[in-house]
Amino acid sequence: MKLPADLRSYSQITRNSIAMILAGGRGTRLRQLTDWRAKPAVPFGGKFRIIDFPLSNCVNSGIRRIGVATQYKAQSLISHIQQGWGFLDGRFQEFIELLPAQQRTEESWYQGTADAVYQNIDILRSHNPDYVLILGGDHVYKMDYAKLLADHIAKSAEMTIACIDLPLEEASAFGVMSVTKDGRVTDFTEKPLVPTAVPGRPGYALVSMGIYVFNADFLFDQLIRDHDDPNSSHDFGKDLIPHLVPRSRVFTHRFSDSCVNMVSGVPYWRDVGTVEAYWEANLDLVQVTPDLNLYDQDWPIWTHQEQLPPAKFVFDNDDRRGQALDSMVSGGCIISGATVRRSLLFSNVQVRSYSMLEDSVILPNVDVGRNARLRRVVVDKNCIIPPGLEVGFDPVEDRKHFYVTETGVTLVTPEMLGQKIHYVR
């Protein structure tokens, strides 16, 4: 991959680019975790939200002109961006613009990913970019978009698709590509039932990460053409890309060439689109050497930082001892005579005496009552766990009240506990 000779070239490329983050999706496979928030607003990693990852990648890459398209239950997402991402300086043409579905071009909400960009085409044009990045707001990864842009320019591409190899059994959930030796895309199929394997690597398919770079004028022309097509569903994967592949210069960019801080040479990218995947990705962070490095000061993940006291562990008696082992515990937490093992606790979690948590992900503002026992659970924000409640030990009983995955991870939300915190009556 031919890259710019110096950092000034990178800086010029990123200054002339704008990023559009598509953050309007619900993420239905996360079940009740997205009943009251969009998937990009789902908390992750103890103190972040999923959207913090593409936003941080933009800022760290030098891309500081960003639009965020929202639609489904966007209030918590909007509040998070307003509270945590106000540090960009408009005097230097830096900004994050929130772009809710508002029927700008016609009387309809966003109909597909391409339509979400089309309906904001006048805003994008007003910033006069040379290049437009289209990003999903619902994946966890660290990527240098400047390298992606440089690869796009070096190949004289009109569109570039970031890609990664995935096992065939997972690939059917993504767009699958065939490419030439120089990376030009020759075929693109959205969510095929039988994905095509990568030549020389049986068992794996080359899939789209939902990360695209376009020459700006080329993108605008294609969005207008697609909008005028009555047979299109106005989606990048289903409509726009299959149309472009045989007609335009569409190339791939290997994620391994721009992934930041890989562990053992393996690029980290997670969809966290199911309760099980979400639980696994969060608990991976408590490992001695997790696949995702959150302690990298050269590529920090930015977020809204609440002003909270340090975590506190109290009582050191034989019958109750406040302790957390192989765990991550965020600010504002109090472990009061309870034991926490292999778990991740978000902010302001209180675990009361004689309770036990194992292999659990506990979102903010949860109160775990005395003598409660939780194992292999995801507990949603603001839950009050009754004293003595046991979850994760009897899946048959748990399924009567909660959502349980096939492998026995249990999701607990306030509504499942009869705590209707989102209702006014």
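What percentage of the 425 residues of the chain count as buried? The figure is 53%, where buried means under 20% relative accessible area, exposed means over 50%, and partly exposed lies in between (1.4 Å probe, protein chains only).

## Basis of the report

This is a predicted model, in which local features need pLDDT of at least 70 and side-chain atom pairs count only at pLDDT 80 or more, while totals for chains, interfaces and linings use all residues. Residues are numbered from 1 along each chain as its sequence is written, and side-chain values use heavy atoms, with hydrogens and water left out.

## Overall form

The chain contains 11 helices and 29 strands; these are DSSP runs numbered from the N terminus, with helices (H or I) of at least four residues and strands (E) of at least two. Its C-alpha trace spans about 70 × 50 × 45 Å along the principal axes.

Among contacts in the chain with a separation of 6 or more, 60% join residues 24 or more positions apart; contact means heavy atoms within 4.5 Å.

## Two domains

The domain assignment gives domain 1 (7-286) and domain 2 (312-417), with bounds that come from an automatic or database domain assignment. The contact takes 21 residues from domain 1 and 28 residues from domain 2. The centres of domain 1 and domain 2, taken over C-alpha atoms, are separated by 34 Å.

## Phe-313

Phe-313 belongs to strand E14 (residues 312-314). Because its relative accessible area is 39%, Phe-313 is classed as partly exposed. Leaving aside residues up to four places away in sequence, Phe-313 touches Gly-322, Gln-323, Ala-324, Val-329 and Ile-335. Between Phe-313 and Val-377 there are 64 residues in sequence and 22 Å in space, C-alpha to C-alpha.

## Two lysines with positive phi

Most residues other than glycine have a negative phi. Lys-73, which is not a glycine, has a positive phi of about 35°. Lys-73 is placed in the loop between strand E4 (65-70) and helix H3 (75-84), and is partly exposed at a relative accessible area of 37%.

Lys-191 also has a positive phi, near 50°. The loop that holds Lys-191 runs between strand E10 (185-190) and strand E11 (204-215). With a relative accessible area of 48%, Lys-191 is partly exposed.
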